[in-house]
Amino acid sequence: SAPDRAVADRMSSYWTNFARNGDPNGAGLPAWQAHAVGASERALVIDAEPNSERVPAKPRLELHDELYAQLRASAD
């Protein structure tokens, strides 16, 4: 569908920009803010109408981050 193609085009533009210069942002794209843990509770949602939304279940995501860090530490 047209909305699906728009999302795919936008996402491939972000990836291409990131691969080319380390920054996903570019002309005509909604700003993709750099992520810093604890700096914001918002994230870019890439959809037919991209926007910034509050990160759902932030405590649950933080738990996953902690568990993943423990797994990585034990694998080293």
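Me: Among contacts in the protein between residues at least 6 apart in sequence, what percentage join residues at least 24 apart?

Reply: Happy to start there. Contact means heavy atoms within 4.5 Å. In this protein, 21% of the contacts between residues at least 6 apart in sequence join residues at least 24 apart. Do keep in mind that this is a predicted model, where local features need pLDDT of at least 70, side-chain atom pairs count only at pLDDT 80 or more, and totals for chains, interfaces and linings use all residues. Residues are numbered from 1 along each chain as its sequence is written, and side-chain values use heavy atoms, with hydrogens and water left out.

Me: How many helices and strands are there in the protein?

Reply: Helices (H or I, at least four residues) and strands (E, at least two) are DSSP runs, numbered from the N terminus. Here there are 2 helices and 2 strands, and along the sequence they give the pattern α-β-β-α.

Me: Which way do strands S1 and S2 run, and how many bridges join them?

Reply: Two strands pair if DSSP finds at least two bridges between them. S1 (residues 42-45) and S2 (residues 51-54) run antiparallel, with 4 bridges. A hairpin of 5 residues leads from S1 to S2.

Me: What radius of gyration does the protein have, against that of a compact globule of 76 residues?

Reply: The radius of gyration is taken over C-alpha atoms, and the globule rule is 2.2 Å times the number of residues to the power 0.38. The protein has 15 Å, whereas a compact globule of 76 residues would be near 11 Å. Its C-alpha atoms fill a box of roughly 45 × 30 × 25 Å along the principal axes.

Me: What share of the 76 residues is buried?

Reply: Buried means under 20% relative accessible area, exposed over 50%, and partly exposed in between (1.4 Å probe, protein chains only). Buried residues are 7% of the 76. Asparagine 17, in helix H1, counts as buried because its relative accessible area is 15%. Its contacts beyond four places in sequence include Gly22, Pro24 and Leu29.

Me: Which side chain of opposite charge is nearest to arginine 10?

Reply: Lys and Arg count as positive and Asp and Glu as negative, while His and the chain ends are not counted. A salt bridge is a side-chain nitrogen of Lys or Arg within 4 Å of a carboxyl oxygen of Asp or Glu. For arginine 10, the nearest is glutamate 49, 6.9 Å away; arginine 10 is buried yet has no salt bridge. Arginine 10 sits in helix H1 (residues 2-21) and, beyond four places in sequence, touches residues including Leu29, Ile46 and Pro50.
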